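Trainee: Could you go through this one with me? I'd like to start with what the terms mean and then pick at single residues.

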Amino acid sequence: MTDPADQPLDETDQAILDQVRALHSLLDPPPPDLNERVQFAIALENVDVEVARLVEDVLAGSGARGGDGSRTITFESESRTIIITLADTPDGRVHVDGWLAPAARMRVELRLGGATPDTPAASESVVSDDSGRFAFDGIAHGLARLLVHPIDDGDESSIVTPSLVL
Amino acid sequence: MPITQKPNRHFAGGRSLMHVSTDTTLGETGQDDRRTRLARCLERARSGELAALDEVVRELNPLLWNVARAQNLNADQAADVVQTTWLELLRRLHEIRAPEALAAWLVTATRREAWRVRTWHRQHMSEGTEILESTPDPGPEPYERLMSDERDRVLWRHFQRLPERCRTLLRIVAQVERPDYSMVAEAMEMPRGSIGPTRGRCLAKLRELLLADTEWSLS
């Protein structure tokens, strides 16, 4: 092999590269919860899924997080768009309103990550109405994700969203 | 090939360049072991034990994060891209022909996903009221405080002066060991054969800047 990439670097270049890596780890590290979020997101029983991508995450109202402004998040998958609006309730929990488009009756599952890795994850399910609407009330803050399942076992696969922090 | 901390003949003072702690450098054998180990995790995941991927996530997330950030995504976008990439992996678990190519597959998927996100934002946000400003590479000023060592500051300052392509390449190259350079080629959309020469040019440029800097060569 004469590929120059396979030639060993001299000591100085290697040391410079090591410093470049170390500085990036120091100045631009991955978010501390990234591993946890990914591990929560990929904990699935069935891998035959359609992935919904987060395309928009907008804070409404005053624009300040933590105010009475709500937060609207849009996910898009090949077959459907999922929009959820999150609003803080006075008891310190979260109310979730959601829509599926195109509208359909589907089983919408909200999975919540435990406060610690050892706490079992909780899950709640509702069925969307004919106009594609669904809602969850009194949800705890923390890691959460949606799974949207077809009601009858047709060819359709479930749609999964990435995890997000409520 | 562990880095020996011999006096450095290029710089006066002979101090080691490693001021901030660096990860353990794996030799080629260690690298092969790692590839085999990750391939085994993939096999286990394929046979239904998805938890086997947790180890792969911990090991490869830093690389994928750097690939996403090097594509000019802000931190939130990069975190989303990394997550979506793993979800895509689940969907295609059985399509990866060579399990030892898992890392390269993930790097490619991350780059494509990052490209999608960038394109989406360009199309949808250009006329919006609120344009999300992307924070590309961390710039120099606000970070100066985090660096306690003068030589770190000097290196970072000159690193920022390199052309963007060089910064991206060196950032990714620094994350992977030599036998895995096909991943760098994937991340950079460059032929494997031009990684070596480009790396050489970029490092030469950086060395030149450093050597011309009295703060560097005198410390």
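Mentor: Let us begin with a term: contact means heavy atoms within 4.5 Å. Please keep in mind that this is a predicted model.

Trainee: Is R46(B) buried or exposed?

Mentor: R46(B) counts as buried because its relative accessibility is 19%, and buried means under 20%.

Trainee: Switching to confidence, what is the mean pLDDT of chain B?

Mentor: The mean for chain B is 78, with 73% of its residues at 70 or more. Confidence in chain B is highest in helix α2 (residues 53-69), at a mean of 93, and lowest in helix α9 (residues 214-218), at 71.

Trainee: Where does pLDDT stay under 50 in chain B?

Mentor: Residues 1-19 of chain B stay under 50, and the model has 45 contacts for them beyond four places in sequence; residues 128-135 of chain B also stay under 50, with 11 such contacts.

Trainee: What about chain A, how many helices and strands does it have?

Mentor: Chain A has two helices and 11 strands, and of its 166 residues, 46% count as buried. Chain A exposes about 7800 Å², of which carbon and sulfur atoms supply 51%.

Technical notes. Residues numbered from 1 in each chain as written. Chains lettered and ligands numbered in written order. Predicted model: local features only at pLDDT ≥ 70, side-chain atom pairs only at ≥ 80, totals over all residues. Heavy atoms only, no water. Buried < 20%, exposed > 50% of the residue type's maximum accessible area, 1.4 Å probe, protein only. pLDDT = per-residue confidence, 0-100. Helix = DSSP H or I, 4+ residues; strand = E, 2+ residues; numbered from the N terminus. Areas by Shrake-Rupley, 256 points an atom, 1.4 Å probe, with all protein chains shown as cover.
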